[in-house]
Amino acid sequence: MLTSRFLTSSALVLGLTGGAMAQDTSILVQSTTSTANSGLYDHLLPLFTEKTGIQVNVVAVGTGQAIQNAQNCDADVLLVHAKPAEEKFVAEGYGTQRTDLMYNDFVVVGPEADPAGVTGMTDAEAALAKIAEAGALFASRGDDSGTHKKELALWQAAGVDPATGSGDWYRETGSGMGATLNAGIGMGGYVLTDRATWISFDNKQDYTIAVEGDTDMFNQYGVIPVNPEKCPEVKIEAAQDFADWLVSAEGQAAIADYTIDGQQLFFPNAPQS
Amino acid sequence: MSELTAFRTQAKAASPALSPLLPLEVRGLRLGFGGAPVLDGLDLRLGASGCTMVMGPNGAGKSLLLKLLHGLMAPDAGSLSWNGSPPGQATVRQALVFQKPVLLRRSVIANMDFVVRARGVDPARRDHLLQEVGLAHKARQPARQLSGGEAQRLALARALLTDPEVLLLDEPTASLDPASVLVIERIVAAARDRGTRIIFVTHDIGQARRMADDVVFLHRGRVAEHSRASAFFPTPSSAAARDYLNGKIVV
Amino acid sequence: MHTFTEAFSLALALILTGGSDLYQIVGLSLQVSLGATLVACALGLPLGALVAIARFRGRNLLLIVMNALMGLPPVVVGLLVYLQLSRSGPLGFLGLLYTPTAMVIAQTILITPIIAALSRQVLEDLHGEYAEQFRSLCLRPAQVMGALLWDGRHALLTVGLAGFGRAVAEVGAVMIVGGNIDHLTRVMTTAIALETSKGDLPLALALGLVLLGLALVINGAVQALRPAAQRPVHV
């Protein structure tokens, strides 16, 4: 009762009835933060909207929360970077199908002082083991995001259980990539980040990329339309249009075109039919 | 003034079923707050008309008696009857003017209009009363910026809006200058002349002499004396009233 | 810390050169938080007035609850509203999630307890002064509440501003139910959070200064509307 009164009165106050989401020509994308924070959408979406007339609204949260929101049917399209979780999402019937979209890679960034002496290494597992051994500070997302899942996989491969150092040298911020970078840089610790976020990040201070180039740090993004059988309100046609455009030659070229300071942030790798 | 009488006639005609509030019968009224009772078995009978001045030293229970008569408080023991009606039912046919006027944070006329609306009073009556208390020219001023005398005149005008059958006044002129005191007294006397029953608490012996038809003298929570004014002032029958009138402190 | 000077000049430049994006974000912040404040006042002021004059069993418990709810964490409110408005939630059919209306709902829930609890205190103090006179006038409770609300209007304006301040400054609730969608649900605080996460601290701080300036302008405007003749003179 109370809630419906809230609804009625707030709708009256604002003259809003359903808002822009009610428009047929808009879809909602639950997305990982890196694609939004790096400015990729600002580059891509106007092209798509101009071509199709479909407005794309992006909610940028961690991959874990994005998948959760999509499972609650609060999305038409899911665009994240945690392949096993994405495949589980599709297998459980929440998504119609998953398509590889693009990739970049993860890097470990660290301070100029380089307390663990890892700068220049190309073996991620060895570098992480060295950081743990030195007890050098490491700031983790700790938020079940795609980056966090990747980081945990790397620790496991390195044979280190970072949980034993939790609160000591291993600091879990429980927040987004940008917030974790701010925190890690603030405390002088190492941080695992995707390259796109790092390139577009403005508060680098004396930080540089310490570890890069390991194939294990490959970062694959996928796109999944949400399944209308699970979520009847999904605008499946528009969602499919968006997913199709992203993996089309035109969409892939647009992704490749996006650069910051001459550096390409994402590398399209959708299977071309 | 004749127009006000006309309003009264209308009001009375509108409610023919109501029997008059007077006489008032009070028997064995008792009220205390933990320690010694303030009212200690008070008996009182008031007749149909006139102005009764209630006097007595501080702490005698005068203000408390007014609130009990008005139905704002309930006694610990004893009975109180307005011609058969309990005080709670009589409140709406009475008005009480407090020693400190309680005015709303609005203009003079809005203070009147509040009661006009809340109690369904003819708005014309408001204008006559503002004229009568001499505040018509200040109708748009914030009530809280009136002088003490003006504020009390406004409170009195507001009290008279509902044409109460009984007007209770609790030391309304206690902190006013002599000119304001006389204005208040004139308005109260006019109300009495129109038939409103007046029950008026005062410490001012001169005021009591000017206004009283009869005097109730309270002492130690009881009525020490209830006399016609013509008898009370020259020959008080109680020792307490005699001491009080002579300026001796009575406790 | 040259960030501060950079932020100040950036804030100035933002306001002067503006750009429709900034104005849109500022406009939505105002629309959402003022809307929530109005709805919260419509609900909270009568509730505050009622609790101020009513005496009933469990009143003290209600007061404790009302006062405690003033500390409701915005992110919890956001989560509760999200669960209701999510397409899989009971009110999902309304299609309100990720709309400004959802943000108004969340902020309304957040600040209604503030409006109710603070107005209750203000009106109870006022009622202490008026109660006997009102009983003498045989007013109905609704008339008493109306009179208190009107006569307390200047103090209640400050209560409303406190609610608005809380609403316009919170980020946790609108982030969750609004989604910080560009050109749709992005408001000042979520924009600040976004720029912070991008590491653009001067821009984040500059937006914060704009928000602060906005609060100053609104409070100044309310102050200017308040007539000078509202000082208690006689008691």
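Colleague: Which residue is the bridge partner of Met102(A) in β12(A)?

Modeller: The partner is Pro268(A). Please keep in mind that this is a predicted model, in which local features need pLDDT of at least 70 and side-chain atom pairs count only at pLDDT 80 or more, while totals for chains, interfaces and linings use all residues. Residues are numbered from 1 along each chain as its sequence is written, and chains are lettered from A and ligands numbered from 1 in the order in which they are written.

Colleague: What makes β4(A) and β12(A) a pair of strands?

Modeller: Strands are DSSP runs of E with at least two residues, and helices are runs of H or I with at least four, both numbered from the N terminus. Two strands pair if DSSP finds at least two bridges between them. β4(A) and β12(A), the latter covering residues 267–268, have two bridges in the antiparallel sense, and therefore they count as paired.

Colleague: Which other strands pair with β4(A), and over how many bridges?

Modeller: β4(A), residues 99–110, pairs with β9(A), residues 218–225, over six bridges, and there Asp105(A) has Phe218(A) as its partner. With β7(A), residues 190–194, there are four bridges, and Val108(A) stands opposite Leu192(A). With β8(A), residues 208–211, there are three, and Val109(A) faces Ile209(A). Each of these pairings is antiparallel.

Colleague: What makes residues of domain 1 and domain 2 of chain A count as in contact?

Modeller: Contact requires that the C-beta atoms of two residues, placed from the backbone, lie within 7 Å. By that criterion 19 residues of domain 1 touch 14 of domain 2 in chain A. On the domain 1 side, α2(A) gives the most, with three residues.

Colleague: How many residues of each class are on that side of domain 1 of chain A?

Modeller: Ala, Val, Leu, Ile, Met, Phe, Trp, Tyr, Cys and Pro count as nonpolar, Asp, Glu, Lys and Arg as charged, and the others, Gly among them, as polar. The side of domain 1 of chain A that touches domain 2 accordingly has eight nonpolar, eleven polar and no charged residues.
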